Amino acid sequence: MKDLFLKRKQEFRKECLGYLRYVLNDHFVLFLLVLLGFLAYQYNQLLQDFPENHLPILFLIGIVSVLLLFWGGIATYLEAPDKLFLLVAEEKVKDHIKKQSLLSFIFWVSVQTMLLLLIAPLFLAMGLGLPIFGAYLFVLGLVKYVIFRQKSSKFLVGNGLDWDLLILQENKRKQFLLRFFALFTQVKGISNSVKRRAYLDFILKGVQKVPGKIWQNLYLRSYLRNGDLFALSLRLIILSLSTLIFIEQSWIAVAIVILFNYLLLFQLLALYHAFDYQYLTQLFPVGKGQKERGLKEILRAIGLFVLILESLVGMVVFKDKILIFVLVGAGFVLQFLYVPYQLRRLVDE
């Protein structure tokens with residue numbers, strides 16, 4: 001049993017490390033260095049010119065603390081067939097769950113503590129002192145322990161295990177990591193959920209239901225009802241607008257927004273394979289190239305909508321209006337050069 005779960009752990013870590021080399025490429029590492037340098041400079045400026053009103057700082061610390069408390073899960077490495085084949089060894093699986101709960105707690109409380117150490121200067125600047133900060137770390141660690149105990153207790157039902165919950169939680173944990181890597185490269189093993197959002201049906205009326213627009217209708221419907229891509233789009237749009245509003249250095253804000261726009265289009269290219277399992281689509285009475293043209297039009301519509309939102313916010317927050325033209329120009333480069341290039345690669349595969 002021990003060897004089985006150890007093998008699964010090593011295989012999944014090996015898979016993640018394989019994707020990690022696409023994440024930590026030269027360009028992204030350079031961007032991270034610039035971003036970290038910018039954040040460190042801003043942090044230093046805050047400490048040198050610390051505000052007399054401590055309420056905003058305490059509010060920010062509270063938000064960070066809550067987010068860190070609920071960050072992290074228990075890695076069990078259980079799979080769907082285990083519900084049947086490992087049922088006879090349920091007691092050994094139960095011991096494995098208890099061990100993994102403890103190991104996961106130690107890992108995540110260590111991550112939480114290291115990140116909270118970064119805000120120690122804020123406690124000193126507010127005159128609270130290191131003893132109070134140490135007590136703060138201890139209390140948060142204790143709360144983290146209680147949260148993990150509650151998570152692990154949900155896996156037990158009477159004297160047995162809740163196999164369905166265990167398998168569901170492990171699948172969610174893996175899918176979360178794989179979706180992160182999918183921001184940078186093509187990832188295998190991602191499962192998508194479909195959910196109708198009736199309040200968005202009016203958008204579908206913007207595309208005519210005629211044979212020449214069949215792929216536009218299919219891709220737009222898939223985008224609006226895809227549980228992952230639509231939610232990802234909203235998160236990236238919110239991050240882009242927040243970046244424009246809250247980052248004072250306009251050029252850095254524009255660079256980050258362009259990165260978010262690139263990630264958005266990169267992810268939406270996955271729509272191309274949304275109907276690969278529908279073999280009857282090959283019998284559609286449409287001309288060759290309609291599939292690629294349909295996806296291209298949908299991506300341009302989404303990209304144009306995002307650019308309009310960002311430009312409107314930029315007109316309000318940017319003193320140098322030329323940055324808006326830079327943002328729009330980068331958007332057009334992504335739409336008219338990057339997207340067609342990637343679509344050609346998808347067609348050739």
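**A tour of charged residues and a helix crossing**

Start by selecting Lys9: this lysine is buried yet makes no salt bridge, and the nearest side chain of opposite charge, Glu170, sits 10 Å away. Keep in mind that you're looking at a predicted model. Lys9 belongs to helix α1, residues 2–23. Show what surrounds Lys9 and, leaving aside neighbours within four places in sequence, you'll find contacts with Tyr77 and Gln100.

Now hop over to Glu170. This one does have a partner: a salt bridge to Arg173, with the closest N and O atoms 2.8 Å apart.

Asp164 is partly exposed at 47%, and Lys83 is partly exposed at 40%.

Next, select Lys94 and Glu91, a salt bridge with its closest N and O atoms 3.5 Å apart. Then colour Arg8, Glu79 and Asp82, which are linked in a salt-bridge network. The model's salt bridge count comes to 5.

Last stop: show helix α10 (residues 214–225) with helix α13 (residues 290–317), whose axes come within 8 Å and cross at roughly 50°. That angle makes α10 oblique to α13, and the crossing is right-handed. For the contact itself, select residues including Trp215 and Tyr219 of α10 and Leu295 and Ile298 of α13.

Terms used: Residues numbered from 1 in each chain as written. Predicted model: local features only at pLDDT ≥ 70, side-chain atom pairs only at ≥ 80, totals over all residues. Heavy atoms only, no water. Helix = DSSP H or I, 4+ residues; strand = E, 2+ residues; numbered from the N terminus. Buried < 20%, exposed > 50% of the residue type's maximum accessible area, 1.4 Å probe, protein only. Lys, Arg positive; Asp, Glu negative; His and termini not counted. Salt bridge = Lys/Arg side-chain N within 4 Å of Asp/Glu carboxyl O. Contact = heavy atoms within 4.5 Å. Axes fitted to C-alpha atoms, helices over the stretch in contact; angles between N-to-C directions. Parallel < 35°, antiparallel > 145°, perpendicular 65-115°, else oblique. Left-handed = near helix turned anticlockwise from the far one by under 90°.
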